[in-house]
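This briefing concerns nonpolar cores and the packing of helices. Please consult the sequence and the structure while reading the points below.

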Amino acid sequence: MAKKVRTPEEASRDPAAVALLKRAAELEVETCFARADEIVPCPIGAEGLCCRNCAMGPCRLVGKTDRGVCGATIDTVVARNFARAVAVGAASHIDHARDLARTLLAAAEGKAPDYKIRDPYKLVEVAKDFGIKTDGREIGEIARDLALAALAEFGQIEGEVVYVRRAPQKRQQIWRQLGLVPRAYDWEVVDLLHRTHIGNDQDAEHLLHQSMRCALADGWGGSMLATDITDILFGTPAPVLSEANLGVLREDMVNVIIHGHEPTLSEMIVAAAQDPELIEYAKSKGAEGINLAGICCTANETLMREGVPLAGNFLQQELAILTGAVEAMVVDVQCIMEGLVPIADRFHTELITTSPKVRIAGATHIEFDEHRALEIAKEILRRAIDRFPERGETFIPDYRSPLVPGFSHEYIDYALGGYYRGSFRPLNDAIIAGRIRGVVADIGCNNPRICHDEYHYYVVSEFLKNDILVVQTGCGAIASAKKGFMTPEAALEIAGPGLREVCEAIGIPPVLHMGACVDNSRILTVLSQMATEGGLGEDIADIPAVGMATEWMSEKALAIATYCAASGAYVIMGGRNPVSGSETVIRLMTEGWEKKVGGKLEFIAEADEIVRKAIEHIDKKRADLGLPEYDPSKWGKSGDWRIQEVLDLPFEERIQAIYGKK
Ligand code: SF4
Ligand code: MSK
């Protein structure tokens with residue numbers, strides 16, 4: 001069968017990406033889009049039906065083969081493959097958190113002098129959660145105690161991880177009754193991996209149960225800790241103005257792309273880029289200065305706090321280098337394609353790995369060390385500047401959109417209620433009244449097997465039209481940023497009448513950028529506070545809300561989906577279903593989990609079906625709570641957005657619209 005090679009317009013909905021895919025074809029440069037066309041996914045692995053957990057296999061359970069050599073059934077193999085993916089995803093977030101906790105410790109002990117406590121208020125709040133005495137104590141002492149207490153959570157001998165206490169009471173009870181409360185972050189990952197060894201846990205339901213517990217150690221553990229410590233060290237995000245898409249690269253400047261997930265080095269690069277000496281050095285090489293831009297979640301971290309522009313999301317990492325305008329791409333951990341190496345080789349770009357955990361053959365390795373962070377950041381920038389004179393022909397597509405990111409749950413609380421009476425009450429009231437029909441979190445990646453950004457654009461615009469507030473993180477957030485959904489003006493243009501009124505009253509965009517992958521924990525906190533605020537039931541499962549990762553590709557996305565479902569949310573994943581090989585596993589994750597924990601995880605391939613099911617769920621939750629049926633005709637009769645409409649009317653009609661009479 002001839003392979004279908006997509007045109008650039010079929011491969012991406014982003015005009016900047018389309019332009020660069022055409023450029024790639026002209027220059028005969030291979031990208032992940034072309035490789036996705038070339039490589040036909042293994043149909044057995046795609047359904048979760050291939051087991052290679054021991055040397056008696058690999059066993060491919062297809063046709064008449066319904067058991068592996070060891071006798072493992074299809075249900076066991078599919079559940080085990082899923083469990084392994086969740087364990088890896090959770091491990092990634094948890095290990096990220098460990099590195100941050102170690103940086104906090106080094107900073108508190110004065111061993112990492114370039115790091116400061118930028119949010120002492122949050123430090124005190126989080127320290128209290130950990131039972132640390134804060135009254136009358138030095139910030140440094142509190143930070144040290146918090147770092148040590150946090151590090152102890154990874155391998156504590158017994159007990160419960162601290163953050164589960166942030167969940168609504170009812171949710172905590174459910175978890176305790178079911179034995180789902182994580183004991184220690186690392187413990188749950190190791191336990192789950194152990195179970196998947198040959199001849200161990202061979203009951204699909206039991207494997208999926210521990211998958212939930214392991215994922216909870218991520219969402220209400222590693223990810224939440226990573227978010228908190230990042231805020232403590234680098235500041236809790238509040239709205240800033242920035243721009244998104246490859247048009248943020250500058251023809252006249254040294255362009256440095258920061259890519260991956262960890263903010264520790266990238267924050268130092270942001271500081272170093274403002275060093276007058278380095279700016280002078282850039283000028284000495286013929287550039288106007290140093291321009292930073294981000295890809296993936298390192299981008300989201302520095303965007304949320306420093307306003308560093310977004311160059312693009314996951315599928316744009318190779319394309320950024322294809323502009324010919326990137327002097328260095330500095331990467332840390334997660335979602336970094338090895339395909340960057342051959343593309344960087346075609347240009348003057350230096351690909352620099354920095355994490356002790358990540359080396360890529362063919363890239364330069366400059367290992368990050370928090371004890372001399374700024375010095376390393378400067379060294380990296382100097383290398384980038386040295387590449388500027390080697391720059392050849394450039395091709396920067398002129399596309400960029402403004403955005404207002406920075407919606408931490410603390411800021412949302414403040415925006416809704418003010419400094420002295422911060423509260424989720426106005427949001428709950430808007431949902432109760434029906435101005436806001438419900439909330440959707442569209443998060444997660446891109447996947448070259450799905451037209452780039454298409455699902456994100458489609459589902460988000462449909463939800464906005466239907467008065468559903470959208471919150472986003474990760475690469476989904478970057479998609480909406482590029483599309484222009486993240487400005488307050490977007491509410492006037494796209495949002496339904498009720499949502500528009502709310503956005504206008506508070507002055508927020510209809511799509512809230514809440515941060516990086518680990519910041520999905522912020523969404524858990526918001527949901528938890530909404531449930532506790534009253535009027536929307538008493539648990540996350542009661543809220544008219546849906547989570548989704550419409551273009552997911554990573555194992556982290558599966559961990560996130562699992563902890564959201566285990567927290568009571570309905571979660572929909574777009575594209576491929578990795579458990580489609582077993583009807584039993586599908587049933588366990590949907591009906592089974594819904595009965596057990598109130599949330600469920602479903603894989604739905606089509607974008608319009610995702611929207612339909614999400615809205616159906618939101619309306620059902622509204623009905624269960626006894627809230628009025630969604631009726632958009634009740635809203636939209638107030639607000640600034642009508643001013644232009646009224647001014648455009650002929651005089652007589654204008655007077656009538658304003659005064660209600662001729
Ligand atoms: Fe085959 Fe069982 Fe070994 Fe898996 S664990 S590869 S199913 S023999
Ligand atoms: S970066 S995990 S592609 S969201 Fe967090 Fe994007 Fe998915 Fe990586």
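For the packing described here, axes are lines fitted to C-alpha atoms, for helices over the stretch in contact, and angles run from 0 to 180 degrees between N-to-C directions. The model is predicted. Helix α5, residues 74-108, packs against helix α25 and also against helix α24.

**Helix α5 with helix α25**

- The axes of α5 and α25 (residues 583-597) lie 9 Å apart, and the two helices pack at an angle of about 65°.
- On the α5 side the contact is formed by D75, V78, A79 and F82, and on the α25 side by T584, V585, M589 and W593.
- Six nonpolar residues, one polar residue and one charged residue make up the contact of α5 with α25.

**Helix α5 with helix α24**

- Helix α24 spans residues 555-566 and packs with α5 at an angle of about 95°, their axes being 7 Å apart.
- Because angles of 65 to 115 degrees count as roughly perpendicular, α5 is roughly perpendicular to α24.
- In this contact, F82, A85, V86, V88, G89, A90, S92 and H93 of α5 meet E555, K556, L558, A559, I560 and T562 of α24.
- By class, the contact of α5 with α24 comprises eight nonpolar, four polar and two charged residues.

**Nonpolar cores**

- The largest nonpolar core contains 174 residues, and F463, M573 and L601 have the most contacts inside it.
- Leaving aside residues up to four places away in sequence, M573 touches A549, W552, A557, L558, A561, L601, E602, F603 and I604.
- A second, separate core has 41 residues, among them L246, L249, L322 and A363.

Conventions: Residues are numbered from 1 along each chain as its sequence is written. Chains are lettered from A and ligands numbered from 1 in the order in which they are written. This is a predicted model: local features need pLDDT of at least 70, side-chain atom pairs count only at pLDDT 80 or more; totals for chains, interfaces and linings use all residues. Side-chain values use heavy atoms; hydrogens and water are left out. A nonpolar core is a set of buried Ala, Val, Leu, Ile, Met, Phe, Trp, Tyr and Cys residues joined through side-chain atoms within 4.5 Å. Buried means under 20% relative accessible area, exposed over 50%, partly exposed in between (1.4 Å probe, protein chains only). Contact means heavy atoms within 4.5 Å. Helices (H or I, at least four residues) and strands (E, at least two) are DSSP runs, numbered from the N terminus. Ala, Val, Leu, Ile, Met, Phe, Trp, Tyr, Cys and Pro count as nonpolar, Asp, Glu, Lys and Arg as charged, and the others, Gly among them, as polar. Angles under 35 degrees count as roughly parallel, over 145 as roughly antiparallel, 65 to 115 as roughly perpendicular and the rest as oblique.
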